[in-house]
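Biologist: Could you show me how to read pockets in a model, and then how to read the surroundings of a single side chain?

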Amino acid sequence: MSFVAVSNIAKRYGDAPILERLSLDVEKGEFVTIVGASGCGKSTFLRLLLGQERADRGTIAIEGAPIAPEPGPDRGVVFQKYSVFPHLTVIDNLVLPAEIEASPFFGRLFGGRRRKAREEAEALMEKIGLSHAARRYPAQLSGGMQQRLAIAQALLRKPRILLLDEPFGALDPGTRQDMHVLIEDIWRETAMTIFMVTHDIKEAFKLGTRLLVFDKIRHDPQFPAAYGATVTYDLPLHRKAANAAGEGTGPSPHETADLEATLSMPASPRRERAAPAIGQ
């Protein structure tokens, strides 16, 4: 049984189909990167996995059970826009979810329960490199530090699935590389299943164990919005073992150009190809 099973999903917004005939099986611990043109349903797919939206047709199951119809602690999410509370310090941002969960009416913990929540927050800050900024407010943090805080929030409830929607798109190249190291370390340590949307093919190659391409396989020149997107390419990234050992370097410019050329070709449903042997 697959850890995540997506079967014949379809999603429309009004008269516009966004996704159609989307089926996918994902094993526990995979790092799935998702690329595709803007507007082809990548973020919509993440919202369906999160439970923030419902599919019009088809099913999504986690370990054989239908996905909950609303977001839950088993699925964490990080967006490109930092979803942190601007009026709270770093540590208070990380303690608040535990307070709300334990005391939904008052939103406060006291005594030993509060100490435990703060200890857990401090341990997480140490892991993600924010201990020195515990008393700062989000506006006092750099972009990379704010994104670290957003990732920490997503990890608080120890989710089994982490959803990343272009989380590093607004960061400068140096900070982006640091975040790549952080998210790979977290993935290896926790063995979470990760789905990450990105527009950067190099990033998709570098981080993923599997790369999905979303695109439309049917086109109507008179009505471009007549059809939805699906998975047109499903590429296993065999070089991941080398990267996990710290040996991989990501795709070369030639390999990236080859993939870009491949993605520009007319697609057929679920076309599977062997990925280039990167770093070998």
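Biologist: Which residues lie nearest the centre of the largest pocket, and how many line it?

Modeller: Rolling a probe the size of a water molecule over the atoms shows where empty space is left. On a 1 Å grid over the protein atoms alone, a pocket is an open set of points where a 1.4 Å probe fits, with protein on both sides within 12 Å along at least five of seven lines, and lining residues have an atom within 4 Å of a point. Here the largest pocket is lined by 19 residues, with Arg75, Pro97, Gln153, Ala154 and Arg157 nearest its centre. Helix 2 gives the most to this lining, four residues, helices being DSSP runs of H or I with at least four residues and strands runs of E with at least two, numbered from the N terminus. This is a predicted model, in which local features need pLDDT of at least 70 and side-chain atom pairs pLDDT 80 or more, whereas totals for chains, interfaces and linings use all residues. Residues are numbered from 1 along each chain as its sequence is written, and side-chain values use heavy atoms, leaving out hydrogens and water.

Biologist: Is lysine 11 buried or exposed?

Modeller: Buried means under 20% relative accessible area, exposed over 50%, and partly exposed in between, with a 1.4 Å probe and protein chains only. Lysine 11, in strand 1, is buried, because its relative accessible area is 9%.

Biologist: What is the relative accessible area of tyrosine 13?

Modeller: Tyrosine 13, which also lies in strand 1 (residues 4-13), has a value of 34% and is therefore partly exposed.
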